[in-house]
Amino acid sequence: MDTHIGSLDGPALAAANVTVGCPASAPGCPMASTPAQPAAALTAGEASLGRHLARRLVQVGVGDVFAVPGDFNLTLLDHLIAEPGLRLVGCCNELNAGYAADGYARARGVGACAVTFTVGGLSVLNAIAGAYSENLPVICIAGGPNSNDYGTNRILHHTIGLPDFSQELRCFQTVTCHQAVVTNLDDAHEQIDTAIATALRESKPVYLSISCNLPGLPHPTFSRDPVPFFLPPRMSNKMGLEAAIEATVEFLNKAVKPVLVGGPKLRVAKAGKAFVDLVDASGYAYAVMPSAKGLVPETHPHFIGTYWGAVSTAFCAEIVESADAYLFAGPIFNDYSSVGYSFLLKKDKAIIIQPERVIVGNGPAFGYVMMKDFLSELAKRVKKNTTAYENYKRIFVPEGQPLESEPNEPLRVNVLFKHIQKMITGDSAVIAETGDSWFNCQKLKLPEGCGYEFQMQYGSIGWSVGALLGYAQGANTKRVIACIGDGSFQVNFHCLIISLSFIA
């Protein structure tokens, strides 16, 4: 598996035993080229919670933590700053710190942000909700009250004036897959490791609150360097996998003009390469859902565009909706992606593959079947069939080019995006803002290697500004271009182009 920064498959989870580490090519990665060494004993001053958390973040691939300092997290931030493999990136506010962690997770496979108690936590909440909707592992670290304040009925600053320390936690419970409140050192080691491991395993954000008086305190559980994460791999049920393959092969091989459609959960399943391998083996025409743009190559000869119902790329919907079998890999069907549920698809013609589940037509369904395993095995068994692609070539008419603008003529949207198209290369990444930029960036033809990110499920206006920073930090070999458009869907279109180049 390719483990370059910014690849769809994210940071390497190591060969067979899935030891979690940062990408092999990540600058300064402690696990990049040197074999594991015996953990060294630490001095009492080094054996602290803050140092353990810092080392854990580096170990799983986090090189930058996006933070807003506050008096509840200052001591913790000191320990993060002291870690050689970590860089603290100060942000103007917590919401943008969360957006930056979102963008960083898209580029590196995991991101982290650090905020202060309640006033910071509630500010970053919207960004964490967006990361949850996009299935991104973001570790949200909040400085919490002094451990001695719990149970005292005291009123603290940065709160709404009630002696309720659980308000922040209760808010995060709805937008994170795991929450941990560390108020003592005896189980802090376990709580931190469990939170980080859960974020990686579930590909969702987690909330980690650490009492402000604990980060610098030594404890015997932190007396050695962290042992590398060892997450048990998610394995397919072999009988279920074989049964799913047999049912799918039978379904597809009797079809006359089958097609493939890639969905956004290809990222969660780390199945982008397996999907392309299936395209190569099958010869099928393939499209992507709008929320999956950038997850599979658009330069492959059998790519036919974005399938988005009535607003699909030209001639794409005709091929997909006229097919007698369509395989959707990792789809999310909502009112946006289905254009108000107006798709002209039939369930009995569809194979739906989710990260751990396969449904063939109106049934049967197979659980505990990993998408990557399924696509890889299917590529070995399916018959080649290029009929749908040949039909596409027969009806395809190339798009015309916009007329050249006259001097002093108002700038037209199609002319603007003609120039954006010329800007992007394989070393670029495009960040598309919610609203008009969504629709116009969908028309861009991405060169091989060009990244593309947007937030279709949650659609938070302003997301692209912070995400641009985070993605540029994470994919520091790419020039990142953000298209920040008018999110109000007005006819009068405004678009600001921001480009950042980060050199490692």
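**Around Y452**

Mentor: Not counting residues up to four places away in sequence, Y452 touches K293, G294, V430, A432, W438, C441, Q442 and L446, where contact means heavy atoms within 4.5 Å. The model is predicted, so local features need pLDDT of at least 70 and side-chain atom pairs count only at pLDDT 80 or more, while totals for chains, interfaces and linings use all residues. Residues are numbered from 1 along each chain as its sequence is written, and side-chain values use heavy atoms, with hydrogens and water left out.

Y452 belongs to strand β15, residues 451-454. Helices (H or I, at least four residues) and strands (E, at least two) are DSSP runs, numbered from the N terminus. Y452 counts as buried because its relative accessibility is 2%; buried means under 20% relative accessible area, exposed over 50%, and partly exposed in between (1.4 Å probe, protein chains only).

K293 leads on to E298, whose side chain makes a polar contact of 2.9 Å with the side chain of K293. A polar contact is a pair of N or O atoms within 3.5 Å; within protein, one must be able to donate a hydrogen and the other to accept it, and residues adjacent in sequence count only if both atoms are side-chain atoms. E298 sits in the loop between β8 (285-288) and β9 (303-306). With 15% relative accessibility, E298 is also classed as buried. Apart from neighbours within four places in sequence, E298 is in contact with K293, F303, L444, K445 and L446. L446 also touches Y452, and the backbone nitrogen of L446 is 3.1 Å from a polar atom of the E298 side chain.

T176 is in the loop between α5 (167-172) and β5 (178-182) and is buried at 5% relative accessible area. A polar atom of its side chain lies 2.6 Å from the backbone oxygen of F172, and the T176 side chain makes a polar contact of 2.9 Å with the side chain of Q179. Leaving aside neighbours within four places in sequence, T176 contacts I128, Y132, P205, V206 and Y207.

Helix packing is another topic. Helix α1 (residues 49-59) and helix α6 (residues 188-202) have axes that come within 11 Å and cross at roughly 20 degrees. Therefore α1 is roughly parallel to α6. Axes are lines fitted to C-alpha atoms, for helices over the stretch in contact, and angles run from 0 to 180 degrees between N-to-C directions; those under 35 degrees count as roughly parallel, over 145 as roughly antiparallel, 65 to 115 as roughly perpendicular and the rest as oblique. On the α1 side the contact involves L49, H52, L53, R56 and L57, and on the α6 side A188, H189, I192, D193 and I196.

For the whole protein chain, there are 15 helices and 17 strands. Of its 504 residues, 55% are buried. Among contacts between residues at least 6 apart in sequence, 71% join residues at least 24 apart.
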